Amino acid sequence: MPIRREHFQFSLVLAGGMTICWLVFSYCASVSLTQVNRQVVLNHRLQRKQAKLMEPVRTDVLTVTPWLAPIVWEGTFDPQVIDEAFMSQNLTIATTVFAVGRYTRFLRDFLESAEKHFMVGLDVHYYVFTDLPGDVPNNVTLGVGRLLSIVRVPKFDRWQEISLRRMELIQTAIKDHIHRGANYIFCLDVDMRFHGRVGPEALGRLVAAIHPWFYMYPRSQFPYERRTVSTAYIPMDQGDFYYQANIFGGALEDVHRLTKTCREHLEVDKSVGVEAVWQEESHLNWYLLRNKPTKLLSPEYVWDDAKGQDAKEIKLVRFSSVIKNKAEVRENL
């Protein structure tokens with residue numbers, strides 16, 4: 001009899017503990033959803049439609065990472081469902097773009113194509129970092145809720161210096177003024193053009209894009225920084241994907257942390273006379289290896305026009321690097 005009583009008491013305590021744990025978990029989960037994902041609210045019609053999308057729709061490509069972050073491809077999301085979830089939340093997307101030296105020539109096409117395809121229906125504030133404010137086109141028609149601000153930067157001695165300083169300048173801009181008027185931020189290259197929708201399906205806490213030249217390669221062939229002398233060093237047996245610095249973004253706090261860390265590492269390298277093989281992109285890859293992105297953009301979102309469009313897995317090119325004579329636009333090689 002005493003043994004049964006003890007078993008009963010133990011079971012009662014265990015059940016009570018499990019109940020408390022469940023309540024705590026439910027509360028924390030509700031707080032998390034309220035604070036982080038409160039904007040994802042669908043009406044009943046779209047909830048039924050979304051349920052039909054729960055089955056895999058792409059079997060020819062990887063659509064989720066080993067750490068369960070989604071990889072966004074054409075066919076893996078319903079634009080109507082995504083727009084319903086985000087459009088009513090009064091979101092502002094800060095967008096940084098560097099147009100320095102001869103790269104100002106790409107700015108008009110970048111902006112005009114962005115106005116057709118980038119975060120359409122959401123407020124966007126472009127921050128153009130340039131040493132030539134007079135070359136920023138002032139007659140590009142921006143939609144309602146779309147703004148453009150010029151951030152003056154010095155002229156750099158080498159084109160590599162632009163890459164090396166970009167993390168510092170973005171971090172400073174977020175801290176000084178961007179944080180007051182935006183929910184998310186995307187950092188984009190100017191020698192790019194939008195061809196298709198890049199919408200709120202790309203939003204997440206920390207977002208990175210898979211490089212179009214290396215997404216089919218084994219990690220041993222990724223062009224990581226392999227010298228141990230650099231803070232961007234990644235050993236041969238490590239690596240998830242190779243990310244391109246042409247587009248990355250996320251929540252302001254997360255991108256601020258990324259740019260601050262990369263800036264600090266770049267400064268450490270500079271103090272010992274080291275420059276990573278791909279400047280800030282090498283440091284970006286180091287950071288994202290240790291701080292996993294919460295969402296990945298497929299090569300559709302960072303294509304290279306030089307690759308052509310023969311890749312059968314690429315159903316829609318959304319954002320791509322334009323073909324150019326790099327020796328002609330890059331000053332002080």
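Colleague: Where does Asp189 lie?
Modeller: Asp189 lies in strand 5, residues 184–189. Keep in mind that this is a predicted model.

Colleague: Buried or exposed, that Asp189?
Modeller: Asp189 counts as buried, because its relative accessibility is 19% and the cut-off for buried is under 20%.

Colleague: What does Asp189 touch, leaving out residues up to four places away in sequence?
Modeller: Val97, Phe110, Arg166, Ala245, Asn246 and Phe319.

Colleague: Which side chain makes a polar contact with the Asp189 side chain?
Modeller: That of Arg166, at 2.9 Å.

Colleague: On to Val190. Where is it found?
Modeller: Val190 sits in the loop between strand 5 and strand 6. Its relative accessibility is 2%, so Val190 counts as buried.

Colleague: Which residues does Val190 touch, not counting those up to four places away?
Modeller: Val97, Phe98, Ala99, Tyr103, Phe106, Leu107 and Phe110.

Colleague: And where is Asp191?
Modeller: Asp191 is in the loop between strand 5 and strand 6, the latter being residues 192–194. Asp191 counts as buried because its relative accessibility is 11%.

Colleague: What is Asp191 in contact with, beyond its neighbours within four places?
Modeller: Tyr103, Phe106, Ser320, Ser321, Val322 and Lys324.

Colleague: Now the record. Which residues does the UniProt "binding site" feature take in?
Modeller: The UniProt entry, which is unreviewed, places a "binding site" at Phe98, Ala99, Val100, Tyr103, Asp189, Val190 and Asp191. They are spread over 94 residues of sequence but cluster in space, with a largest C-alpha distance of 10.9 Å.

Colleague: Which of that set line the second largest pocket?
Modeller: Phe98, Val100, Tyr103, Asp189, Val190 and Asp191 are in the lining. The unreviewed UniProt entry also has a "binding site" annotation covering Asp189 and Asp191. Both of these residues belong to the lining of the second largest pocket.

Colleague: How much space lies in the second largest pocket?
Modeller: About 860 Å³. Its lining has 34 residues, and those closest to the centre are Asp189, Asp191, Asn246, Lys326 and Arg330.

Colleague: Which elements give two or more residues to that lining?
Modeller: Helix 5 (159–176), strand 5, strand 8 (243–251), helix 7 (279–290) and strand 10 (303–304). Helix 5 gives the most, with four residues.

Colleague: How does the lining split by class?
Modeller: There are 19 nonpolar, six polar and nine charged residues in the lining of the second largest pocket.

Colleague: Change of topic. Where is Ala202 found?
Modeller: Ala202 is in the loop between strand 6 and strand 7, and strand 7 covers 206–210.

Colleague: Is Ala202 buried or exposed?
Modeller: Ala202 counts as buried, because its relative accessibility is 0%.

Colleague: What touches Ala202, setting aside residues up to four places away?
Modeller: Met119, Phe186, Val207, Lys295 and Leu297.

Colleague: Last one. What separates the C-alpha atoms of Ala202 and Tyr301?
Modeller: The C-alpha atoms of Ala202 and Tyr301 are separated by 9.2 Å, while the two residues are 99 residues apart along the chain.

Notes:
Residues numbered from 1 in each chain as written. Predicted model: local features only at pLDDT ≥ 70, side-chain atom pairs only at ≥ 80, totals over all residues. Heavy atoms only, no water. UniProt positions renumbered as here; feature names shortened; annotations may be inferred. 1 Å grid on protein atoms, 1.4 Å probe; cavity = no way out; pocket = protein on both sides within 12 Å on 5 of 7 lines; lining within 4 Å. Buried < 20%, exposed > 50% of the residue type's maximum accessible area, 1.4 Å probe, protein only. Contact = heavy atoms within 4.5 Å. Polar contact = N/O pair within 3.5 Å; in protein donor to acceptor, adjacent residues only side chain to side chain. Points joined across faces, edges and corners; volume = space filled by probe spheres on them. Nonpolar A, V, L, I, M, F, W, Y, C, P; charged D, E, K, R; others polar.
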